[in-house]
2 protein chains.
Amino acid sequence: MSILKIVSKVNITEDLWNESLDGHSIIPEEFDGITYYRVVKKVGDLKKGTVVTDSGVIYDFPRIARIMHLENGVKLAFNNPFYVEEKVDGYNVRIVKVQDQVFAFTRGSYVCPFSTDRLVDFFDYENFFKENPDLIVCGEIAGPENPYNGESPPYVTEDVSFFAFDIRNKNSDRQIPMRKRYKLFDEYKIPTVTRFGRYTSSDVKDLKKHIQGLNEKGCEGLVFKPTDPSEKTVKYVTEGSCLRDMKVTSSLMIEYQAEFFTNRMLRSIFYILEHDLPLNEEFLKKAGDALLQPLFESVKKVAGGEMITEKFKVRFNKKQNIKKLFEHFHKCKVAASPVRHEKVGKHWHVEFVRKCFPSYEVIQKHWDGHSHFD
Amino acid sequence: MSILKIVSKVNITEDLWNESLDGHSIIPEEFDGITYYRVVKKVGDLKKGTVVTDSGVIYDFPRIARIMHLENGVKLAFNNPFYVEEKVDGYNVRIVKVQDQVFAFTRGSYVCPFSTDRLVDFFDYENFFKENPDLIVCGEIAGPENPYNGESPPYVTEDVSFFAFDIRNKNSDRQIPMRKRYKLFDEYKIPTVTRFGRYTSSDVKDLKKHIQGLNEKGCEGLVFKPTDPSEKTVKYVTEGSCLRDMKVTSSLMIEYQAEFFTNRMLRSIFYILEHDLPLNEEFLKKAGDALLQPLFESVKKVAGGEMITEKFKVRFNKKQNIKKLFEHFHKCKVAASPVRHEKVGKHWHVEFVRKCFPSYEVIQKHWDGHSHFD
């Protein structure tokens, strides 16, 4: 189907389409011979993150509202039953068939060469999409060997795994009902996030048990999904995930929004208070360490004339996809360079480093004695 | 002299003056029968913070550039000798004669009723302004019993003291030369910040000794003032002052800019690295405590249905000025209410609390279970 016909179904006229291309609100990209269009600024009903292909529109993955108090939050959000799932700390992908190929799109609406390469290790996607060409499988890719995220769930001890949590239709911003979704996951043996089941807001005791178990194990949190479409999905995270977030990012405190850190401090305090954890010396030292130790290491490096870097290891099936990942980084202005790669068993093991120029440059300027107004 | 004649000297035409009043860039205020005009948005050359009176224009007190590395910063900033003074943790006032009265103006360009009431305790201002009616004495009011600031220098153990650091002319944004300034301070017995003397950038060893001494004593930092007017004033703070800043403000983390905290974390790390202090458990615990303990207390209060408040104690000479301070707070939208007052010796001792609504409301909404997008 022609692109103009596709977008006409989501109320984008030819004029608006052309105008959006000219004004760079929509940017064409190419991957493995397939052209796709990234929405980078809102156009009509299409929000940033949406992908337009000649096999249909893949809507952006919606942001999820956060509750800071588990019991009160769930009670306020739900009058009807809801499903509870684990929130997994990885990166979000939308897996979708375009023409006769299957791709994993990132939240930023790029084809991810790494994720797409690894789909074959996650589930029998050929079979799924042969029978369901208009569906989109949404989920989290998580594990210590991923190219983006410094954190991973404790139960993925090497490489990455895929955890599905949503199924959507092309050309629609709605999800398909929970029961049908779970049925498809099971039928096609698609691995999912932990599904805790169906609850009502009077089951707070069980929900607290679940979140406390996740906190003890080092997991991120929970997502609560309505059965009544008029109610909204909400998320809630553990105290431990706040501290881990701070610990893995504070080396680059300068290039993050400062709210990243203050928000997590506040969330951890809310968790401690609701779940009767002590605000003891151990917690305070752990928080101080998470915020300041990695920042100290960064400043020390720059003071010694060293670049600040982040190291990554990832595994690929096809050697030619390694190059595509670095092309992807280049496009996204990520200064990543390969260090080494070797075939180990069935996978190519690739190591690379990311140079963290923004942090480096600010710290260097300060260290060199330049003054500034704050 | 008429206001229009006054402002014509600083290149503000009658049209621009009237336009600025109409557009609320300049706001008229009244205190003790004297009318003055607050510049709240830049008008011509007049910046926010400037005060216009019929006795002349009092320029805004300029922001001072910060260096993050003492040695490199001083070497980069100064080719010529400079004066070194202590940076005192209080609030900035400009003391000036308007008609036949002397007022202390805050950085926000209000007459401060408290500071104005207390001038008589600081120095013989009548004598100074009789002989120097066109000068402005700039300095810091600091001490545990001040109405604004949660911190105070360790050597002011009760009430407040005044520490002058600048003398300026009305109708000019320039300071008078350092030697003349110091001579006037001494001649009129005006108390000043600690003056460490005149140095060059090769005296880094001495400067390090001074800052380390200040850090050990619990003082804020140093200000470096050029003898060559083409060079600029810079400031440098101690590690301890960063931790104290965080400790006294983190109870209201929500209503502060998040950068307030991340900037201080970075500054403390720079200090530690330059001055070879250990990044040990004690420091990390102290930092964690400064950031999270007061925030915990705030959330706990709101969870228990209590308002978040800050308590203040101040001393006044004249009873009628107490009321004026609360009128001033009301004007500045500060929710301060008197708790008690009594005459002790020659002063009225006043206690009041400030209700911290913005923090309270955000925390309460979160605690009650409302969801939000972040």
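Reader: To begin, where in chain B is B:Asn317 placed?
Author: Please note that this is a predicted model. B:Asn317 sits in the loop of chain B between β14 (309-316) and α11 (319-331).

Reader: Is B:Asn317 buried or exposed?
Author: B:Asn317 counts as buried, because its relative accessibility is 19% and the cut-off for buried is under 20%.

Reader: Which side chain does the side chain of B:Asn317 make a polar contact with?
Author: The partner is the side chain of B:His347, at 3.1 Å. Leaving aside neighbours within four places in sequence, the residues in contact with B:Asn317 include B:Asp117, B:Arg118 and B:Trp348.

Reader: What salt bridge does B:Arg118 form?
Author: B:Arg118 pairs with B:Asp159, and their closest N and O atoms are 2.7 Å apart. B:Arg118 belongs to helix α4 (residues 113-122) of chain B, while B:Asp159 lies in the loop between β9 (135-142) and β10 (161-169) of that chain, so the pair ties together parts 41 residues apart in sequence. B:Asp159 is buried at 9% relative accessibility, and B:Arg118 is buried at 1%.

Reader: Changing topic, what rotation superposes chain A on chain B?
Author: A rotation of 180°, with 0.0 Å of shift along its axis, superposes them with an RMSD of 0.0 Å. The two copies are therefore related as by a two-fold rotation axis.

Reader: How many residues does each chain bring to the contact?
Author: Chain A gives 53 residues and chain B gives 53 residues. The copies meet through the same surface, because 100% of the interface residues of chain A are also interface residues in chain B. The two chains bury about 4,900 Å² between them, with 73% of it on carbon and sulfur atoms.

Reader: How many salt bridges are there between chain A and chain B?
Author: The count is 6. One of the salt bridges joins B:Asp374 to A:Arg66, whose closest N and O atoms are 2.5 Å apart.

Reader: Which element gives the largest share of the side of chain A that touches chain B?
Author: That element is α10(A), with 14 residues. By class, this side of chain A has 28 nonpolar, 13 polar and 12 charged residues.

How values were computed. Residues are numbered from 1 along each chain as its sequence is written. Chains are lettered from A and ligands numbered from 1 in the order in which they are written. This is a predicted model: local features need pLDDT of at least 70, side-chain atom pairs count only at pLDDT 80 or more; totals for chains, interfaces and linings use all residues. Side-chain values use heavy atoms; hydrogens and water are left out. Helices (H or I, at least four residues) and strands (E, at least two) are DSSP runs, numbered from the N terminus. Buried means under 20% relative accessible area, exposed over 50%, partly exposed in between (1.4 Å probe, protein chains only). A polar contact is a pair of N or O atoms within 3.5 Å; within protein, one must be able to donate a hydrogen and the other to accept it, and residues adjacent in sequence count only if both atoms are side-chain atoms. Contact means heavy atoms within 4.5 Å. Copies are superposed by least squares on the C-alpha atoms of residues with pLDDT of at least 70 in both. Buried area is the accessible area (1.4 Å probe) that two parts lose on being put together, summed over both. A salt bridge is a side-chain nitrogen of Lys or Arg within 4 Å of a carboxyl oxygen of Asp or Glu. Ala, Val, Leu, Ile, Met, Phe, Trp, Tyr, Cys and Pro count as nonpolar, Asp, Glu, Lys and Arg as charged, and the others, Gly among them, as polar.
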